[in-house]
Amino acid sequence: MDQLFIDTYHRRIHKLRVSLTDHCNLRCQYCMPVNAEFMNHGSYLQPADYTTLIGELQRHGINEVRLTGGEPLLRHNFQEIVHHLRSLNLPKISVTTNGLLLHHHLDFLARSGILDINISLDSLHSHTFQRITHRLGLEHIQHNIALAKAQQFRIKVNMVVMKGVNDHEIYEFIEYAKMQQVEVRFLEVMRIGYACQQQSHWFIPAHELIEKIKQRYELIPVPSPLDATAFSFQTSCGARIGFIASESQPFCGHCSRWRLSADGILRACLLKEEGVSLKNTTPEQRQHLYQTLLGMKPYLRPPEVHHAMYTIGG
Ligand code: SAM
Ligand code: SF4
């Protein structure tokens, strides 16, 4: 083991979000425009690069990797990349996906021991789903969630709550969490990238949602690790729900994550566009870059950032 990554504010970095592509088959209105522009495939890291780079980071204490995007399941060599990562024997690999293509990969993921999947789903009604994502596919996603549950995957459903768009569905989502036995997590809309234009109209702080939910259900807190992004409750109706209150209760002070983009830029924070490019570097150069990055993680979140979350990896 090499020296652990401990940053300027004594946070130990041990998690890595890995964006496999910035492309997506949805166009969620808080994430990207309908005519979004994407990076050239030619700039992607190659499957073997992941073994080299993440293997190196692992020796500095990175022990959890979450594959994300854009939509990670759109990456044409997704399974090959996972094969490479598995050779590292990381204690945990997980995936965040919109779930549309999940049925093609469930058997493979089960065989690979990747059982933790976060699925984004912002509405249980096709009209609202289409309004949010500018695409069809709600039934496919619901079907894939049920398939994944039947195969014993641990599923968390992420719902970005937007005032006047889908906030009237929170009780339905709680019922859904109970029926499907999945944890539903309510996300505050973040002031990042494309969302900045509308964020103030959509934003509902988690504490308001909690007050509303408490009118109907008792909420019993569930302990979570210090560096967790979400805090969770068991409801008196038998559902498990969580909140990711990135805006009203930022968790930067305990953040343990770095992010690697599809084109090889390693960043210390989602809210910081600057990072270090690992492409075409030697191991010696990278050691220097890692040290630079340890000094680049902010302690407090900036109020608003305009770069795209789907490029960095959400
Ligand atoms: N495509 C995959 C998905 O949607 O799950 C993975 C990438 S997506 C960028 C990761 C997560 O970021 C999703 O749960 C999505 O809802 C969330 N997200 C994107 N933009 C957001 C914003 N402005 N505020 C809050 N959450 C956002
Ligand atoms: Fe695609 Fe995920 Fe962004 Fe929606 S949130 S547009 S599914 S990357």
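The model is predicted. Ligand 1 has 19 residues around it, and the protein buries 94% of the 540 Å² that this ligand exposes when taken alone. Twelve strands form an open sheet, and the count of disulfides is zero.

**Ligand 1**

- Among the 19 residues around ligand 1, those that come nearest are Tyr30, Gly70, Thr96, Ser120 and Met190.
- The side chain of Tyr30 has an N or O atom 3.0 Å from an oxygen atom of ligand 1.
- Glu71 places a polar side-chain atom 3.3 Å from a nitrogen atom of the ligand.
- Met190 takes part through its backbone, where an N or O atom lies 2.8 Å from a nitrogen atom of ligand 1.
- Taken alone, ligand 1 exposes 540 Å², of which the protein buries 94%.
- By class, the shell around ligand 1 holds eight nonpolar, nine polar and two charged residues.
- Two strands, S3 (92–97) and S5 (154–160), each supply at least two residues of this shell.

**Ligand 2**

- The residues surrounding ligand 2 are Cys24, Leu26, Cys28, Cys31, Met32, Gly70 and Asn98.
- Five residues of this shell are nonpolar and two are polar, while none is charged.
- Gly70 is listed around ligand 2 and is also one of the residues that come nearest to ligand 1.

**Cysteines**

- The structure has zero disulfides, a pair of cysteine sulfur atoms being counted as one if they lie within 2.5 Å.
- Cys255 is in no disulfide, and the nearest cysteine sulfur, that of Cys269, is 6.6 Å away.
- Cys255 counts as buried because its relative accessibility is 12%, and buried means under 20%.
- Cys269 is likewise in no disulfide; for this residue the nearest cysteine sulfur is that of Cys252, 6.2 Å away.
- Cys269 has a relative accessibility of 13%, so this residue also counts as buried.

**The sheet**

- The strands of the open sheet run in the order S7-S8-S9-S6-S5-S4-S3-S2-S1-S10-S11-S12, and their pairing is mixed.
- Strand S7 (219–222) and strand S12 (276–277) are the edge strands, since each pairs on one side only.
- Strand S8 (residues 231–235) pairs with strand S9 (residues 240–244) in the antiparallel sense, over four bridges.
- Phe233 has Ile241 as its bridge partner in S9.

How values were computed:
Residues numbered from 1 in each chain as written. Chains lettered and ligands numbered in written order. Predicted model: local features only at pLDDT ≥ 70, side-chain atom pairs only at ≥ 80, totals over all residues. Heavy atoms only, no water. Near = heavy atom within 4 Å. Polar contact = N/O pair within 3.5 Å; in protein donor to acceptor, adjacent residues only side chain to side chain. Areas by Shrake-Rupley, 256 points an atom, 1.4 Å probe, with all protein chains shown as cover. Nonpolar A, V, L, I, M, F, W, Y, C, P; charged D, E, K, R; others polar. Buried < 20%, exposed > 50% of the residue type's maximum accessible area, 1.4 Å probe, protein only. Pairing = 2+ DSSP bridges.
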